[in-house]
Amino acid sequence: YSKPKMAAKQSSLGDGIAAVKQSYICRREDLYPEDGTEEEEPVEPAKKRHKKGQNRSRPRGTRTPFSQKLCPNLKVGEACQFKEECRFSHDVAEFMKLKPPDLGDNCVFFEQFGKCPHGLTCRFGSKHISEDYRNIVNMDIYDPNQTLHTKNSITKEFQESLRKRSVIFSKSDEHFKALERERKSCVQDTHQKTVSNDLESSNPLPPSNSGLCASKEALNYKVEVCSKESQCSPRPHPQVNGDVIINTLSPPSLSSKPSSVQIDDTHSDETAVRLNSQPLRETGTILEGVHQPDMLTPATPTSGGSLQESTSFPITPEPIRKKVDFKNKLYLAPLTTVGNLPFRRICKELGADITCGEMAMCTNLLQGQQSEWALAKRHASEDVFGIQICGSFPDTMTKCAEMLCGHTEVDFIDINCGCPIDMVFQSGAGSALMRRTKRLEEIVKGMTSVMNIPLTLKMRTGIQNKQSVAHSLIPKLRDWGVSMVTVHGRSKEQRYTKLADYHYLNQCAETVCGDIPVFGNGDILSFEEYYHYLDDTALSGLMIGRGALIKPWIFTEIKEKRHWDISSHERFEILKKYTTFGLEHWGTDDQGVDKTRRFLLEWLSFLYRYIPVGILERVPQKINERPPYFRGRDYLETLMSSRNCKDWVKISEMLLGPVKGDFNFLPKHKANSYN
């Protein structure tokens, strides 16, 4: 492995500043003549520690009272079943009188499906709202059985069952009951070992020419000792035609036949003598078997499975798994807030192969929270799609995996083992699982026992900067049943500062020698960096996160192996398409427009960092280099490169109409990714 040689030429503006052609560079005063209009990042070292995490003081939108909202039934022309008890407004004429002007003439629902589900509340309803305030339906293209292209929506019935805790998780319950039986078995075997040692010390065996084996056969009891390894971790359990085989603890009979067991005298105290037994059948909760004490024989394999060296109890058999080919695929990372469904659709159209939803908390999913289930939604264009869940308890993570496999269309489930957010870390989830190996093992084994799809895991190099542990976890994860591992090349403490350590990521990939795919993540912003790290390391692929936020056409550049000098008008068309996808996903009423605008502005807080190829002094742009103040090749390109929140609002007004007079925006996440 060698570091890339693409950054040999430094910027004339200094280290950490992107190299922009001198003819485009300008002063801050030229771009922002009004003093104080731009949010400058502090330069003082004392304040630098505050430039991370979230802007908790950002302005929040005010909720409209129910009395000012139109009844959901009346807006589509239906009668309200609650009548006087309804908390919404029923005065259609008054509502339409106070309704703001439409933002456009083309409603995405009316044009595609022939009927707008938002009816009179649609902000693009000039074509489907009649003069007498009725919702027009185009019967030529309307199909009452047609559904949206979005999948994995939670039904009201299932949501109610989750809230009442009436959902039965049969596979998860069976798995944990089996683990509890095995735990009790190990405790019992430990107790029996202690008793047998006491008996042997009180009744020493006389010397015999027939050897130690014959002397032990003379005793009318049999003790089987669990090894220390079997007491600490469960082992796979053999089956014969669906019947589970365990070892019995029946006493040997005093037979005159010679024994076929050979015990080494030097290790006689640690050797377990086992009896051959018939397959056991489970009746209720009691395992019964027929023992044949004719002779002591070593455990021999039977048809359908092999006996283990310690007492075993049944766990959920491993299901047949659907396989996903991850190797060398363009993988869009799960991105909180900005990695929503409309953004993933944009990336799919621009060349992404694998997409994954935003991080969802498993407890919120099990409680049926609508906002959390929205993160699991999948568009029909996402042919390979995964859901990332986060949690710290084996039972909730296992039940959540069983629920997602049974009630959603998903190709794989990803465990978040790298989230650096303090609230998540302090709860024992996210990157905290990297130092809780036993807990992580229980989570992985529990989830794989109830899943019929691949289980993947995303983590960081470690928690502390100088204590990387990912290389030691990856072989264990492979043995526990994880199908693919992604490692972000930074620690939890680093968050997004400094560069990703691809030298260490290469070591992580070499620990499993290609047994499972190992993906790297961090700092990919050009096709040159992508192919350099892919060709010069043992990594199976690369996951792209912030690079896709800054320029989602990076997937096109990678597949075509070229630098795309995309124009401002082409970029604006991408934003226009994102707006259409957002209105289709969140709705065309006031609430849907506000959500689309908010997520568009969150995305623009990353998009402004892109520097067009045509004005760069050297190519490619580095993700950790701060763009200087520069003018673009036209007004729109200059506006898109502005770091002023007010300019982002101007771009949103070009797409979604004017904002309210008191509207103010501040990004959710603070920028802490530049040198």
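A residue is called buried here when its relative accessible area is under 20%, exposed when over 50%, and partly exposed in between, with a 1.4 Å probe and protein chains only. By that rule, 50% of the 675 residues of the protein chain count as buried.

Before going on, the ground rules. This is a predicted model, in which local features need pLDDT of at least 70 and side-chain atom pairs count only at pLDDT 80 or more, while totals for chains, interfaces and linings use all residues. Residues are numbered from 1 along each chain as its sequence is written, and side-chain values use heavy atoms, with hydrogens and water left out.

The protein chain has 23 helices and 15 strands. Both are DSSP runs numbered from the N terminus: helices are H or I with at least four residues, strands are E with at least two. A contact means heavy atoms within 4.5 Å. Among contacts in the protein chain with a separation of 6 or more, 72% are between residues 24 or more positions apart.

I will start with strand β15, residues 541-544. Gly 541 and Met 543 point one way from β15, Leu 542 and Ile 544 point the other way, and all are buried. Which strands pair with β15? Pairing requires at least two bridges found by DSSP between the two strands. Strand β6, residues 331-332, pairs with β15 in the parallel sense over 2 bridges, and Leu 332 stands opposite Ile 544 there. Strand β14, residues 518-521, is also parallel to β15, over 3 bridges, with Phe 519 opposite Gly 541.

The buried residues of α17 are Phe 527, Glu 529, Tyr 530, His 532, Tyr 533 and Leu 534. They pack against β15, α16 (502-510) and α19 (554-560).

Next, the cysteines. How many disulfides does a search of the whole structure find? It finds 0, taking a disulfide as a pair of cysteine sulfur atoms within 2.5 Å.

Cys 400 belongs to the buried set of helix α12, together with Pro 394, Thr 396, Met 397, Thr 398, Ala 401, Glu 402, Met 403, Leu 404 and Cys 405. That makes α12 mostly covered, at 10 buried residues of 14. Helix α12 (residues 394-407) reaches 20 Å from its first C-alpha to its last, close to the 20 Å expected at 1.5 Å a residue. The expected span is 1.5 Å times one less than the number of residues.

The last region is helix α23, residues 645-656. Its 12 residues should span 16 Å at 1.5 Å a residue, and its end C-alpha atoms are 16 Å apart, so the two agree. At the N-terminal end, Asn 644 caps α23, with a side-chain oxygen 3.1 Å from the backbone nitrogen of Lys 646. After α23 comes Gly 657, with a positive phi near 85°. Buried in α23 are Cys 645, Asp 647, Trp 648, Val 649, Ile 651, Ser 652, Leu 655 and Leu 656. What covers them includes α20, α21 and α22 (635-640).

Ser 605 sits in α21, residues 590-607. Is Ser 605 buried or exposed? Ser 605 counts as buried because its relative accessibility is 9%. Leaving aside neighbours within four places in sequence, Ser 605 is in contact with Trp 648 and Pro 667. Ser 605 and Trp 648 are 43 residues apart along the chain, and their C-alpha atoms are separated by 7.8 Å. A polar atom of the Ser 605 side chain also lies 2.4 Å from the backbone oxygen of Glu 602.

Glu 584 is in α20, residues 568-586. Glu 584 counts as buried because its relative accessibility is 8%. Not counting residues up to four places away in sequence, Glu 584 touches Val 108, Phe 109, Gln 112, His 149 and Arg 345.

Terms used: A polar contact is a pair of N or O atoms within 3.5 Å; within protein, one must be able to donate a hydrogen and the other to accept it, and residues adjacent in sequence count only if both atoms are side-chain atoms.
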